[in-house]
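Please keep the sequence and the structure in view while reading.

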Amino acid sequence: MKQRDDNTSPSTALLSGQNLLRPRAVAATRRGFLRDIGAGVALIGSAGLVACGGDEQIEQIPVSWKHGVASGDPLSDRVVLWTRITTDATGPVDVGWQVATDEAFSNVVRFGVSTTSASVDYTVKVDVDQLSPASKYFYRFSVVNQKSPVGKTKTLAASGASQVKLAVFSCSNYPTGYFNVYAEAAKRTDLDATVHLGDYIYEYASNGYASSNAATLGRVSDPTNELLVLTDYRKRHAQYKSDPDLQALHATVPMIAVWDDHEVANDTWKDGAENHQANEGDFKLRRAAALQAYHEWMPTRVTQADIIYRSFNFGGLVALHMLDTRLIGREKQLDYANYTTAQGLNSAAFVSDLTRADRQLLGTTQTAWLQQQMTASTATWQVLGQQVLMGRMDIPSPILFEALNPGTGVSISAYTALKIKQATAPNTLTPTEQFILAQPAIPYNLDAWDGYYAARETVLGMAKALNKNLVVLAGDTHNAWGNDLKDQSGNQVGVEFGVSSVTSPGFESIFVNDNPVTLAASLEQLIDPLVYADTSRRGFSVITATATECRCDWIYVSTISSRTYTATTGKSLRTLPGSGNRKLVATA
Ligand SMILES: [Fe+2]
């Protein structure tokens, strides 16, 4: 602890871009500090002026900024700022923050101090209000003279937006590869916000899912055990936030995020998860720990720890409704294994359970909230930012069984050949081939909306009844999809843009014997509402909404095994507004 001299008064320090930390034991320093910061801001630009002196003591506590800065949940007048200090301090630490209209911080418009401590893992979150709409800002944090990197953020337009551009991500498994997808998006200067649809972290042990290259890449999961308790989840979030590409993205543009399952455990539903066993303790405690760490480490605006669904109005052009299809209302997933007998699938029992009228995915409270949000919104585009695929993905069962259990079905290429034979020379089909072709198409992923028929019908019915232009964003699958969304009666209701993953492996790891290009083409042919698929490339999507179209560009990186990569736009599709136009069409 050292005595402060007159030349290092708070205002002087701020003028020189510094900030001050006081020992918590010094009485009334908070009021004085805030007063002095205010004076300092007022004096910025008046070089040489020195504000109040004094003899208060300051203490230099070394801190570093190993996890970058982030902003999130922008509204027209506010945005959440985030950072985390790494320190040997064991008590509370005051962290100053500033928001300016210029990178040199000569025009600071908002400032303050936030206290952090071990109780929040030394993370810092500030919901900065009184900002101007549709405005770009720079922000930074400081502890004494130790300044964080500078972040850039942007508020939403209050009204009259002519264009909204969002980069959409999902499924970023750290040990699988480098975050080149984040690096590519961070280069852009045209984004209003990023949207992360979940699986921002994965919970597995270091020898778990898709980690075979982790040691070679220097990306072995920390901690090495599967995440179960608060300290585990915090460490894993810290490792992810140590990634330079993720830091670059967060420092560039605000993020709007929702969790999927892996922020807690694989295939989570409201009361459990596939990857939660009885010997791993009380699931509710695990979930609470996971969500606490999530909110500590993500730039989310918290109202209640387990409520992540919320809406964003982008200047009257886009209403973005972020949903929770995972934790708040989801009933347990169905499992084909529970309906399979020696005679095959017990279709009657399966279909009965699948189509039960009150089977929940969002839960009744969230569903009512969404109805209210969509009803009240006059935005041109009603966009659902949510986790799992909504489009119908019924795949001929022989193909699905072969993929899940080789030897029990046929490959997709063999099935496609049979379909061609059926069309061109049906008389030559053998009885076995006829039997294969007669098998039903069934949902490939019962964890998606395909496993929750009534819930999907409710949301589609809502959009149709309200006559809204519906665009659904989905992640989770690690593949890219463009789907037309039809209700049970076949009415065209909206479109779905399914985003590929940042790193997690796609269908190429399941359909290992199929050429990905051929596989995608076959899927597009076999699955009626599917317009576009890419099943082997890692990437993100850029959604561009204007008054006349909502467009998706699927952007892919060439590799995640090297930091050297190239990026390409693999596909672009769009939809037009109006009741007759709610389907995917080619870009102009
Ligand atoms: Fe995932």
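This is a predicted model: local features need pLDDT of at least 70, side-chain atom pairs count only at pLDDT 80 or more; totals for chains, interfaces and linings use all residues.

The buried residues of helix H7 are Phe283, Arg286, Arg287, Ala289, Ala290, Leu291, Ala293, Tyr294, His295, Glu296 and Trp297. Because 11 of the 15 residues of H7 are buried, the helix is largely enclosed by the rest of the structure. The partners of these buried residues include strand E5 (79–84), strand E9 (123–128) and helix H5 (230–241). They also pack against strand E15 (255–257), E16 and strand E17 (272–273).

At the N-terminal end, H7 is capped by aspartate 282. A side-chain oxygen of aspartate 282 lies 2.8 Å from the backbone nitrogen of lysine 284.

One of the strands against which H7 packs is E16, and threonine 268 is found in that strand, which consists of residues 268–269. Is threonine 268 buried or exposed? Its relative accessible area is 0%, so threonine 268 is buried. Beyond its neighbours within four places in sequence, threonine 268 is in contact with Asp261, Ala273, Phe283, Arg326, Leu327, Arg330 and Gln333. Phe283, one of these contacts, is also among the buried residues of H7. With Asp261 there is a polar contact as well: the side chain of threonine 268 reaches the backbone oxygen of aspartate 261 at 3.3 Å.

The chain as a whole provides the setting for these details. Its secondary structure comes to 14 helices and 32 strands. Of its 588 residues, 57% are buried. Among contacts in the chain with a separation of 6 or more, 72% are between residues 24 or more positions apart. The accessible surface comes to about 22600 Å², and carbon and sulfur atoms account for 51% of this area.

The model also contains a metal site. Which residues coordinate the iron ion? The donors are Cys171 (SG), Asp199 (OD), Tyr202 (OH) and His478 (NE2), at 2.1 to 2.5 Å. Along the chain these donors follow the spacing C-x27-D-x2-Y-x275-H. Two of the coordinating residues, aspartate 199 and tyrosine 202, are buried. The arrangement around the iron ion is irregular because its 4 donor atoms subtend angles of 84 to 167 degrees. A tetrahedral arrangement would require all angles to lie between 85 and 135 degrees.

Two further residues show how side chains are placed elsewhere in the chain. Aspartate 102 lies in the loop between strand E7 (93–100) and strand E8 (108–116). With a relative accessible area of 17%, aspartate 102 is buried. Apart from its neighbours within four places in sequence, aspartate 102 is in contact with Asn107 and Phe138. A polar atom of its side chain lies 2.9 Å from the backbone nitrogen of asparagine 107. The C-alpha atom of aspartate 102 is separated by 9.2 Å from that of tyrosine 139, although the two residues are 37 residues apart along the chain.

Threonine 544, by contrast, lies in a strand, E29 (residues 539–546). Threonine 544 is buried, with a relative accessible area of 8%. Its side chain makes a polar contact with the side chain of lysine 165 at 2.9 Å. Not counting residues up to four places away in sequence, threonine 544 touches Gln163, Val164, Lys165, Glu549, Cys550 and Arg551.

| Residue | Backbone feature | Angle |
|---|---|---|
| Proline 223 | cis peptide bond with aspartate 222 | omega about -5 degrees |
| Glutamine 130 | positive phi, not a glycine | phi about 60 degrees |
| Alanine 134 | positive phi, not a glycine | phi near 50 degrees |

Proline 223 lies in the loop between helix H4 (214–217) and H5. Glutamine 130 is found in the loop between E9 and strand E10 (136–143), and alanine 134 also has its place between E9 and E10. Glutamine 130 counts as exposed, at 61% relative accessibility. Alanine 134, at 48% relative accessibility, counts as partly exposed.

Definitions and conventions:
Residues are numbered from 1 along each chain as its sequence is written. Side-chain values use heavy atoms; hydrogens and water are left out. Donors are N, O and S atoms within 2.8 Å of the metal (3.2 Å for Na, K and Ca); water is not among the atoms, so sites may look incomplete. Four donors count as tetrahedral if all angles lie between 85 and 135 degrees; four count as square planar and six as octahedral if opposite donors are over 155 degrees apart and all others between 65 and 115; anything else is irregular. Buried means under 20% relative accessible area, exposed over 50%, partly exposed in between (1.4 Å probe, protein chains only). Helices (H or I, at least four residues) and strands (E, at least two) are DSSP runs, numbered from the N terminus. A polar contact is a pair of N or O atoms within 3.5 Å; within protein, one must be able to donate a hydrogen and the other to accept it, and residues adjacent in sequence count only if both atoms are side-chain atoms. Contact means heavy atoms within 4.5 Å. Accessible areas come from the Shrake-Rupley method with a 1.4 Å probe; for residues, only the protein chains shown count as cover.
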